[in-house]
Structure formats: C-alpha cells, structure tokens
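Here are a few quick notes to read alongside the model. I've kept to the pocket, the cores and the aromatic pairs.

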Amino acid sequence: MSERVGHVVLIGMMGSGKTTIGAAVAERLGRPFLDSDWQVEMHTGRTVRQIFESDGEAAFRRLESEALLEALSGRDPAVIAAAGGVVLDAGNRVALASAGTVVHLMAAPEILAQRVGTDDHRPMLGDQPEVVLRRLEAERGGIYAALADIVIDVGNSGVDEIVDEIVGELVGAQP
Ligand code: S3P
C-alpha cells in the first residue's frame with residue numbers, strides 16, 4: 001500500500017513540534033522538507049523576530065502567506081511545516097484544503113509552554129508564553145480542527161513514536 005499523494009502539511013500551535021517532526025517525517029518518506037518560517041527568513045534575509053519588530057505582525061503575515069503558497073505550489077510532494085499563524089488567512093485556508101494531507105499536531109497549552117523555551121522566532125510569546133498560548137488556542141483551535149485530515153496528540157509521545165503514528169495514518173488513509 002502506498003502513501004497518499006499530495007503534500008503533507010503540518011499545522012498547529014507554536015511548540016507542537018512541526019519543524020522537528022516534519023523533518024523526520026520527510027526523511028522517513030524520502031520527500032523534501034520545507035518550513036514556512038525558514039522560507040520567510042531565507043527570502044528576506046531577516047529573522048521572524050526582526051520582521052515583527054521592524055514591520056509589524058501584518059507585514060509578517062503577508063510574507064508567511066507568500067511562503068506558504070509558494071511551498072504548496074511545488075509540484076513534488078513535500079512535507080511542509082506551516083507556521084502556527086498561517087491558518088488565520090482565508091486564502092491560506094483554501095489553499096491548505098486542497099494541498100494534500102493536513103496533519104494537526106495538538107497538545108495542551110501548558111505542555112506547549114514548556115516546549116517553546118526561549119526560541120527566538122516567536123516574539124508573540126513575550127514573557128508569559130502559557131497565557132499567550134491559551135489565548136491563541138482559544139482563537140485558533142477550531143480552525144486547526146476544521147482543516148485537519150489527521151489529528152495527532154503530541155502531548156505524551158516522543159518524536160519517533162509521533163513519526164510512526166503519522167506515517168501509519170498516511171498509509172492507512174490510502175483508499
Ligand atoms: C507564530 C508561529 C511561529 C512564527 C511566529 C508567529 C504564530 O512559528 O511564525 O512567531 O502566530 O503562531 P511556529 O509555529 O513554527 O513556532
């Protein structure tokens with residue numbers, strides 16, 4: 001049985017492991033891996049934090065939409081880590097709905113807060129990550145759920161276990 005055709009796109013909150021898990025799934029599937037934050041940083045030569053601080057969130061959102069749509073337009077099936085906020089844009093949601101398989105990595109805000117650490121590409125978290133993550137979860141949880149073909153609880157499992165689960169679901173999803 002072969003895996004489903006199309007991109008595999010990982011969505012979910014900051015700290016859910018989209019980049020780490022996405023890279024491992026890509027390796028397992030022998031596919032290219034793309035990360036929308038990396039694409040933005042590569043195209044602009046600036047970090048996510050620099051863009052937020054100098055140009056503001058709206059400017060960053062435009063750049064991340066461009067990066068996402070460019071990644072989704074690639075012809076070779078890839079694994080794509082889509083930054084947490086891409087789902088806020090209606091055009092991005094339409095594009096995601098026909099991109100392939102959307103995988104929502106899910107965990108409770110208190111677990112995400114422990115994982116985000118001091119990562120510098122998340123200026124929105126400020127000095128109270130858990131409070132911000134709770135608010136974002138309330139705003140976005142329903143959107144992630146509506147877009148997801150597959151939901152993976154990443155709260156209590158290690159990377160290898162999660163990758164096994166995703167790859168198993170991808171193969172199982174094949175008609
Ligand atoms: C954001 C998520 C971050 C980054 C930016 C904003 C968000 O990416 O794009 O800090 O709004 O959820 P990750 O989801 O890769 O952490």
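A pocket here is an open set of grid points with protein on both sides within 12 Å along at least five of seven lines, and its lining residues have an atom within 4 Å of a point. Bear in mind that this is a predicted model.

1. Let's start with the largest pocket, which holds about 480 Å³ of space. Its lining runs to 27 residues, and nearest the centre you'll find Met 14, Lys 18, Asp 37, His 121 and Arg 122. Helices H1 (18-29), H2 (36-44), H3 (48-55) and H4 (57-72) each give two or more residues to that lining. Sorted by class, the lining has ten charged, nine nonpolar and eight polar residues.

2. Now the packing. The largest nonpolar core counts 45 residues, with Ile 21 and Ile 166 having the most contacts inside it. If you skip neighbours within four places in sequence, Ile 166 is in contact with Ile 21, Val 25, Val 103, Leu 105 and Ile 152. There is also a second, separate core of six residues, among them Val 48, Phe 52, Phe 60 and Ala 67.

3. How many aromatic pairs does the structure hold? Two. One joins Phe 33 and Trp 38: the pair is edge-to-face, 5.7 Å centre to centre, with 90 degrees between the planes. Trp 38 is partly exposed because its relative accessible area is 45%.

4. The other pair is Phe 52 with Phe 60, with ring centres 4.9 Å apart. Their planes sit at 40 degrees, so this pair counts as tilted. Both Phe 52 and Phe 60 are buried, and both belong to the second core.

Technical notes: Residues are numbered from 1 along each chain as its sequence is written. This is a predicted model: local features need pLDDT of at least 70, side-chain atom pairs count only at pLDDT 80 or more; totals for chains, interfaces and linings use all residues. Side-chain values use heavy atoms; hydrogens and water are left out. Rings of Phe, Tyr and Trp (its six-membered ring) pair if their centres lie within 6.5 Å; planes under 30 degrees apart count as stacked, over 60 as edge-to-face and the rest as tilted. Buried means under 20% relative accessible area, exposed over 50%, partly exposed in between (1.4 Å probe, protein chains only). On a 1 Å grid over the protein atoms alone, a cavity is a set of points where a 1.4 Å probe fits but cannot get out, and a pocket is an open set with protein on both sides within 12 Å along at least five of seven lines; lining residues have an atom within 4 Å of a point. Grid points are joined across faces, edges and corners, and a volume is the space filled by probe spheres set on the points. Helices (H or I, at least four residues) and strands (E, at least two) are DSSP runs, numbered from the N terminus. Ala, Val, Leu, Ile, Met, Phe, Trp, Tyr, Cys and Pro count as nonpolar, Asp, Glu, Lys and Arg as charged, and the others, Gly among them, as polar. A nonpolar core is a set of buried Ala, Val, Leu, Ile, Met, Phe, Trp, Tyr and Cys residues joined through side-chain atoms within 4.5 Å. Contact means heavy atoms within 4.5 Å.
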